[in-house]
Amino acid sequence: MNKFLNALGTEKANENTDLSLYARFVGDWEFAMTTYDENGQVEDTKEGEWLFSYVMDGYGIQDMFICPKRGLWTKDDTLYGDYGTTIRVPIMDNPKKWNIVYVSKWSVDRLIAEEVDGDIIQNGINKDIKDATLWQWNFRNITENTFSWESVYSKDNGITWKHVTRVEARRVR
């Protein structure tokens, strides 16, 4: 492995940082993903993989979101599939909240996360300050070996939410 990858990854959380909110996901996961159109109708379903690891000397957690799974990519998936990464670090002066940055070929997104009633609610930060759309990427129904993840948005200040994506994940290792 090259020096960069050796310096990026680590086997455990740094003892000076509480990563417990996301540490439960460290490992390898497989998932079924469903995407929805504007009317809430199923648009597509795919299987993917989600890999989580400690990074940055144990001060953060990074994941790789790969859909469809490696080895199952087609020519269309090269155009439309998703191969992205997220870095999550606790906010130093407010460790109950987390800074999150997701990067893929489609976008760069920033969110702020916190635990609410056992779920992890990740509120998106709009790139355009004139855009009042609320959006979240949430982890729900979290157990040791399964979780649900959803991408939702609201155009009416949180009164109603529409699903864009739902993921049902199970631990592989």
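Q: Is R24 buried, partly exposed or exposed, and at what relative accessibility?
A: R24 counts as partly exposed, at 30% relative accessibility. Buried means under 20% relative accessible area, exposed means over 50%, and partly exposed is in between (1.4 Å probe, protein chains only). This is a predicted model, where local features need pLDDT of at least 70, side-chain atom pairs count only at pLDDT 80 or more, and totals for chains, interfaces and linings use all residues. Residues are numbered from 1 along each chain as its sequence is written, and side-chain values use heavy atoms, with hydrogens and water left out.

Q: How many salt bridges does the structure hold?
A: Here is the general idea to start with. Side chains of opposite charge can pair when their charged atoms come close. A salt bridge is counted when a side-chain nitrogen of Lys or Arg is within 4 Å of a carboxyl oxygen of Asp or Glu. By that rule, the structure holds 12 salt bridges.

Q: Which side chain meets R24 in a salt bridge?
A: That of E115, at 3.8 Å from N to O. R24 lies in the loop between α2 (20-23) and β2 (27-36) and E115 in strand β7 (residues 108-116), so the pair ties together parts that are 91 residues apart in sequence. Helices (H or I, at least four residues) and strands (E, at least two) are DSSP runs, numbered from the N terminus. E115 is partly exposed, at 44% relative accessibility.

Q: What is the N to O distance between K69 and E47?
A: Their side chains meet in a salt bridge at 3.7 Å. Because K69 lies in the loop between β4 and α3 (75-80) and E47 in strand β3, this pair ties together parts that are 22 residues apart in sequence. K69 is buried, with a relative accessible area of 18%, while E47 is partly exposed, with 46%.

Q: Where do E150 and R140 lie?
A: These two form a salt bridge, with the closest N and O atoms 2.6 Å apart. E150 is in strand β10 (residues 146-154) and R140 in strand β9 (residues 134-140), 10 residues apart. E150 counts as buried at 13% relative accessibility, and R140 is partly exposed with a relative accessible area of 27%.

Q: Which residues do salt bridges with shared partners join into one network?
A: The network joins E30, E47, K69 and R170.

Q: Where does Y59 lie?
A: In the loop between β3 (42-55) and β4 (60-67). Y59 is partly exposed, with a relative accessible area of 31%.
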